Amino acid sequence: MGTRLRITRRFPLLALLRRRPDPAGGEPGDPFEAELPELSAHVWHARDGELAETGMGTMARRLPAVIAQAAGLAWRANRADTTATISLNLAAGLFTAFGLLATTGVLTALFSAGPTPGRVRDALPSLALVAGSVALRSGLQAAAGWTQARLEPQVQRLVELRLYEATTAADLTALDDSSFLDDLQRAETRGMNAAPQVVQHAVDVLTGAVGMAAAAGTLGVLHPLLLPLLLLTAVPEGWASVRSARLRYATMLALVGVARRKWILSSLMTERRHAAEVRAFTMRPFLLGEYDRFAAHQRRVELGLARRQTTTKITGDVLKGLATAGVYIALGLLLWRGWVPLAVAGTAVLAIRSGQTSLANLVFAVNQCYEEGLYFGDYLAFCDAAEARIPHRALPARPTLPDPFGRIQVRDVTFTYPGSDAPSLRGVSLELRRGEVVALVGENGSGKTTLSRIMAGLYDPDGGEVRWDEVSLADVPQDEVWSRVAVIAQEYTHWPMTARQNITMGRGPAHRAGGPEDPGVLAAARASGAEEVVADLARGYDTLLDRRFQGGAELSGGQWQRLAVARGFYRDAPLLICDEPSASLDARAEHLLFDRIRDHAAGRTVLLITHRLASVRYADRIYVLEHGKVTEEGDHDTLMSRNGLYADLYTLQASAYR
Ligand SMILES: Nc1ncnc2c1ncn2[C@@H]1O[C@H](COP(=O)(O)OP(=O)(O)OP(=O)(O)O)[C@@H](O)[C@H]1O
């Protein structure tokens, strides 16, 4: 509550958005808290400050930076197109000014004394200049539009790549962090699309500014008083646009948690893997109800936004109308007093109209550029934050992991997940010698998976270390650790690729897997039992394992697991970590798998995590984890004679078969 109060005090607009009485007639008060209490605690945490500072002054101050970012982005995307877009727009502006000034010549000739045919004849050269400059300006503007359109997809590609490069390399703990996920959602759904928009609007700002400068220059030449009057008409429109943008951004911030929740719910209701459970558990009304609760809240907030934006626009339009009337009254006075001749006043009217169009475009583009710049700022901030979470180790000597190693030691490792109160590992030590099969057992939540992830280099321990002979994992690049470890994870992905790719993709692009005759693929498939699965597929190894595509096949849980094991075997790494590799396997497949793991271990080292204690009986050593600590270690016979947790669990399982 304290945080919310502080925030609404700092940002009254947010308070306004949140405190409006329920338009549907519900109880007045804080709709967010009343409607979505589960989200009210953590929605208001990011970048609210930017919004609070937004005003015309801030916009003017920040705009150059936004434009510079857009220019930098466009420059990196394509230098030639960027240069062409800018120069073509500048040239088009020059011809606008030239055309306006040439108009004075036409009007002066037409309004001079003498017979009409003579006056028209005198006006012809200036008229030709006007026609020529209009034609040239149009041609240049069309060419500028084309180069600008070319830039857009190139910019989009650049920003998409940057985001995905960062998300796939960021520290794994980042993806357990809800504020990181909120920021990711905002950057991906809104910020990323804002990038090409920022570039486009930055060019529009340039175009508007050039057109405006052309009109202003012409007016300045005609009469100095006309220029400030023209600028005056920009103020109300500018104010209305800035206020609208501010309201929109506030709404987006207010709704980011809601949008993420809706997105999660929509995938639960549309994705195939949830479809059976949704039906069997009759979850439909619950899911639809949840979705509707969020959608209704979003609708209420957005209707409120539309109402306030409309009021703002009407106010801006009225003020602009008054300012325009003022400009024309002033022009009339100048004419009446004889301070400007009629031909000049005529050109001035044209210049004012042209200037106002450019000004309206400029104000709109500035506003759009700033608004999209806010979203783009979210994207940039997220990319910076994600890139900062890519583990870069200071590795002066760059030692490499020994190949082959003699033993892997886990020394006094402690680890607490970010945001958790209790540590998941509390001073764990164990040892794996080359060629050994070492088992890790323990009850649910005892820390087995966490420890295996630390050993695989996926998490860095808070304390203690993992050593391969004398080299600590903390001293080598993570890529190197990953390339030396194969993990058959408890939760693995059903990759929507072909059967062959499901086996080979873990070896990276450097390793070009061959055709079906690739002996590595065949050996891994045979060892894991995936060979029988592939034999039943219509196109063998080339069958696409995704029912969402025509001709795609679906596998059973155990069949998928065999492929996951094959992927682990195919990696051919010196350390194989198997985390519950047999959870979905039938009894025969499970029995075979443990035999094969033992065979596969010849020369390699295996860390085996399983609840099937019959399978760990023959492990070289067994470690028992309890509440993040090793409480027992030794081979099967030693542990049985100790009568500890292992003996308890083993006896319990064995008795079930008696
Ligand atoms: N991503 C996470 N964020 C926060 N806490 C986590 C996370 N993953 C696991 N934990 C916590 O860490 C502790 C150890 O979990 P871990 O998955 O390592 O247990 P486990 O022994 O592998 O359990 P199981 O036998 O059920 O697979 C648990 O208390 C769990 O709640």
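Helices α9 and α11 sit roughly perpendicular to each other, a label used for angles of 65 to 115 degrees, with under 35 degrees counted as roughly parallel, over 145 as roughly antiparallel and the rest as oblique. Helix α9 covers residues 178-222 and helix α11 covers residues 234-270; they pack at an angle of about 100 degrees, with their axes 10 Å apart. Axes here are lines fitted to C-alpha atoms, for helices over the stretch in contact, and angles run from 0 to 180 degrees between N-to-C directions. On the α9 side the contact involves D182, Q185, R186 and R190, which meet M252, V256, G257, A259 and R260 of α11; two residues are in contact if their C-beta atoms, placed from the backbone, lie within 7 Å. By class, the residues of this α9 and α11 contact come to 3 nonpolar, 2 polar and 4 charged.

A word on the model itself. It is a predicted one, with local features needing pLDDT of at least 70 and side-chain atom pairs counting only at pLDDT 80 or more, while totals for chains, interfaces and linings use all residues. Residues are numbered from 1 along each chain as its sequence is written.

Helix α11 has another packing partner in α13 (residues 284-336): the two axes come within 9 Å and cross at roughly 170 degrees. That puts α11 roughly antiparallel to α13. The residues of this contact divide into 18 nonpolar, 8 polar and 10 charged.

Taken as a whole, the protein has 24 helices and 10 strands, where helices (H or I, at least four residues) and strands (E, at least two) are DSSP runs numbered from the N terminus. Of its 658 residues, 37% are buried, meaning that 20 or more other C-beta atoms lie within 10 Å of the residue's own; 12 or fewer makes a residue exposed, anything in between partly exposed, and C-beta atoms are placed from the backbone. Among contacts with a separation of 6 or more, 78% link residues 24 or more positions apart.

Now to the strands. Six of them make an open sheet with mixed pairing, in the order β6-β7-β8-β3-β9-β10; strands pair if DSSP finds at least two bridges between them. Its edges are β6 (485-488) and β10, each of which pairs on one side only. From one strand to the next, the twist averages 20 degrees. Within the sheet, β3 (residues 437-442) runs parallel to β8 (residues 605-609) over 4 bridges, and V437 stands opposite V606 in β8. Helix α24 packs on the sheet and touches β3, β9 and β10, its direction making about 100 degrees with that of β9.

One of the bridges takes E626 to K629 in β10. The two strands form a hairpin with 2 residues between them, and H627 in the turn has a positive phi of about 45 degrees.

D403 and P404 are joined by a cis peptide bond, with omega about 0 degrees; P404 is in the loop between α14 (342-388) and β1 (407-415). In strand β1 itself, D412 has a positive phi near 50 degrees despite not being glycine. D412 is partly exposed, as 13 other C-beta atoms lie within 10 Å. N643 is another non-glycine with positive phi, about 60 degrees, and it lies in the loop between α23 (636-642) and α24 (645-657). With 10 other C-beta atoms within 10 Å, N643 is exposed.

H611 is partly exposed, with 16 other C-beta atoms within 10 Å. Its C-alpha is 9.5 Å from that of S582, a residue 29 positions away in sequence.

Finally, the ligand. It is surrounded by 13 residues, the closest being Y417, S424, N444, T449 and T450; a residue is near a molecule if its C-beta atom, placed from the backbone, lies within 6 Å of it. Helix α15 (residues 448-455) gives the most to this shell, with 3 residues. The shell has 1 nonpolar, 10 polar and 2 charged residues.

Methods: Nonpolar A, V, L, I, M, F, W, Y, C, P; charged D, E, K, R; others polar.
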